[in-house]
Amino acid sequence: MKVKYVFVNIITLILFLPVFLVGQEVNQIFTITENFDKDPGWENYNNRVVCSDCPEITQNFGWSETNHNGDGVGELSGVIWRSTTPSSYAMPFGKPLNFKIPFSASGKISVIAPPDEGFGFYFGFFNAERQGWRVWSSCGVRIGKMHYNLKDFPKGVAPLHLDYKTGAANGAILNPDLYIPGDGSVHTWELKYEPDVTVADMKWEDPRVQKYLPPNGRNIHTDSILVAFKKEEPSITKEKLLEILFDARDKGLIDDWYRKGKYHLWSLEREPEKIKGRITFTFDGKSVSYFLLPGHQDLPTTINRFGIWNMQIYTGSMKFYMSDLVVNNKKIDLSEDPHWQGVNNHVTFVEKDFHSAQNFGYSQTNWAGKQPGEIGGRFWGTEVLDPLHGYYAADIGKMTLNDPIKFSGKINFVEGAVDGRMLIGYFNKKEKISNIKGEYKGNPPNQYLGLEIMDQTSLGYSFTAVCSPKQNISFEKRGPTFIPDRIPRTF
C-alpha cells in the first residue's frame, strides 16, 4: 500500500477496562461493565490496517573502508532507511551526558539520494533505550527529504533540522534555512551544546523587533513585521529584515516557526530570563542557534550514545559518508574499525509498518490489567484526506448532553511519538467516518465527548477532557502531563 502523507503521528496505548459506561434513556439509567475477559466483538472500522504488498528493505551502514570524503581510508557510511524499526551505529558513553554538561562534535558529511525519495536520518547525541520519532534524551541534526521540484526549496537539496528531547519526552525543534545537496558533495559541520549560556545575557541588534512583535507571545508573519518596519524605514528590504530576525532568534530572544518550509512565523520569547543552555549548529561556516525551553535543562536526561540513527517513520532511504570526526574534543580514528555498537544496521526485513497502519482493538495482553484481556494498540493521528481514520467501539444507542454520562477504567500508556494523539469516549459514528475537510478540521471530531491523549512538542503528552457538540464549537480542559511511562493507572 502506498501512502503519501508527510506528518507521522503515532501513539501506542493500552486501555483496559472494567469500563463503566453510564447513560440515560427514557428516564432510565443503565450501566455497562466490560472486563474484557474475552473478545467483546465490538464494531470496528479501519482499526487493523495491513499492507498487501509489503516492501523489503535493507539497512546497511556503519564503518567502511571507503574514502569518499577525501580524508583517508575509513569512514562511517552506507544506506540508511527510515523505518519504525530502530536502527543505529553509535559510540557508547560510559558516563552519560545531560543538558547540564557541555558536549560537542564536528566532522565532514556527504549524502546521495534519488529524486523525491531520500528521506533522511539523524546524527548527533542520543539515548539507546527509548526510541521513536525524535528519540528521548537526544540532541541531534536531522536530514530531511530531498526536494527536486518544490518551489520553496532549492532543487536537489535536503533541509537540515535541529531538535532535542529531554528524558521527560518534551523538547523543541529549529528549522533553519540550511540545506545539504544530495549530489555527494562534501560539507563541514559542528554541533555544540553550551549549558551555561543564557538569553538574559543577549543584546538586541535592532530593538525595534520588540516593538513590532506582539507582546502576548502570538505568532506573526514576516510580511506583517515588514509592513510595520517600512512605516519607520521605507527602504528596508525583506532580506535585511530576515537578517535582523535571525540574529534575534539565534540569541534566543524570539521564536521562529518555519511553517511547513514555506514561511516564518515569529513571536517574542515569553520568559527569556528563565532560558539557559544553547545549541549551535554550524554548516559550511554558517551558524544557527537555539536554546532549551524554560525548565528543560533541569529535567532528567540521559544521553549515552553519539552516532547515527534512523528516523523512525516510514519510508525512504539515503546514502551517506561521514569522516574527520571529533567528539567531545577527541579525534576519532576511522582508519580502522572503531567497533561502535550497531543495532539493526546490517539487516534485511519486510517492512509491515507504514503511515496510518492502525492496529488496535481487543488483544489477550495485560499491560493495564492483572489478567490477559484488554483493548488498545497503536493509533495514528490522521489528517486531511487521510482515509484511514478508524474506531473500535460499542453501540450504546442515542444519548445527548442532557443525559448523565461517565466512564472509567484502567490505562497504560506504552509508547508515544511526536504529534501523536488518540481519543477515548463517546462519538457519533456518521461524523467519525466522514471525510476530513480543512487543515485544522477533524480534531476533535464533531459530536464527541471524552478524553484526548495528545502531544505538544514543548510540553509532551497531556490527558485532556474534550467536548465538541457541533462543527466549530469545542471545549477542552487540558489535564495532567501523561508521558508513555508504561505504568498502569486508573481514570
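This report walks through the fold, cores, helices, loops and cysteines of one protein model.

The model is predicted, so local features need pLDDT of at least 70 and side-chain atom pairs count only at pLDDT 80 or more, while totals for chains, interfaces and linings use all residues. Residues are numbered from 1 along each chain as its sequence is written, and side-chain values use heavy atoms, with hydrogens and water left out.

## Overall picture

The protein has four helices and 33 strands. Helices (H or I, at least four residues) and strands (E, at least two) are DSSP runs, numbered from the N terminus. Of the 491 residues, 51% count as buried. Buried means under 20% relative accessible area, exposed means over 50%, and partly exposed lies in between (1.4 Å probe, protein chains only).

The protein exposes about 23,200 Å². Carbon and sulfur atoms supply 51% of that area. Accessible areas come from the Shrake-Rupley method with a 1.4 Å probe; for residues, only the protein chains shown count as cover.

Contact means heavy atoms within 4.5 Å. Take the contacts between residues at least 6 apart in sequence: 71% of them join residues at least 24 apart.

## The cores

In soluble globular proteins, nonpolar side chains tend to be buried together. A nonpolar core is a set of buried Ala, Val, Leu, Ile, Met, Phe, Trp, Tyr and Cys residues joined through side-chain atoms within 4.5 Å. Here the largest nonpolar core has 47 residues, and Trp189 and Phe281 have the most contacts inside it. Strand S21 (residues 317–327) gives the most to this core, with five residues. A second, separate core has 24 residues, including Met202, Tyr212, Ile220 and Ile236.

Which residues does Phe281 touch, not counting residues up to four places away in sequence? Among them are Phe123, Val141, Leu160, Leu178 and Trp189.

Leu178 sits in the loop between strand S12 (171–174) and strand S13 (179–181). At 4% relative accessibility, Leu178 is buried. Leaving aside neighbours within four places in sequence, its contacts include Ala158, Pro159, Phe281 and Phe283. Leu178 and His161 are 17 residues apart in sequence, and their C-alpha atoms are 8.1 Å apart in space.

Tyr290 lies in strand S19. Its relative accessibility is 7%, so Tyr290 counts as buried. Tyr290 and Tyr193 are 97 residues apart in sequence, yet 9.9 Å apart in space, C-alpha to C-alpha. Beyond neighbours within four places in sequence, Tyr290 is in contact with residues including Leu162, Tyr164, Ile173 and Arg278.

Helix H2 covers residues 222–232, and its buried residues are Thr222, Ile225, Leu226, Ala228 and Phe229. Why are they on the same side of H2? Because they cover an arc of only 165° around the axis. The arc is that of the directions from the helix axis to the C-beta atoms. The cover over the buried residues of H2 includes helix H1 (208–212), strand S15 (220–221), H3 and strand S17 (263–268).

Helix H3 (residues 238–250) has 13 residues. From first C-alpha to last, H3 reaches 18 Å, close to the 18 Å expected at 1.5 Å a residue. The expected span is 1.5 Å times one less than the number of residues. Buried residues in H3 include Leu241, Leu242, Phe246 and Asp250. Gly252 follows H3 and has a positive phi, near 80°.

## Positive phi in loops

Phe36 is not a glycine, yet its phi is positive, near 60°. Phe36 lies in the loop between strand S3 (28–34) and strand S4 (43–45). At 0% relative accessibility, Phe36 is buried.

Asp284 also has a positive phi, near 50°, in a residue other than glycine. Its loop runs between strand S18 (276–283) and strand S19 (286–291). Asp284 is partly exposed, at 41% relative accessible area.

## Cysteines

A disulfide is a covalent bond between the sulfur atoms of two cysteines. The rule used here is a pair of cysteine sulfur atoms within 2.5 Å. By this rule there is one disulfide. It joins Cys51 to Cys54, with S to S at 1.8 Å. The link of Cys51 and Cys54 is right-handed, with 85° about the S-S bond.

Which cysteines are buried, and which partly exposed?

| Cysteine | Relative accessible area | Class |
|---|---|---|
| Cys51 | 16% | buried |
| Cys54 | 24% | partly exposed |
| Cys139 | 2% | buried |
| Cys467 | 18% | buried |
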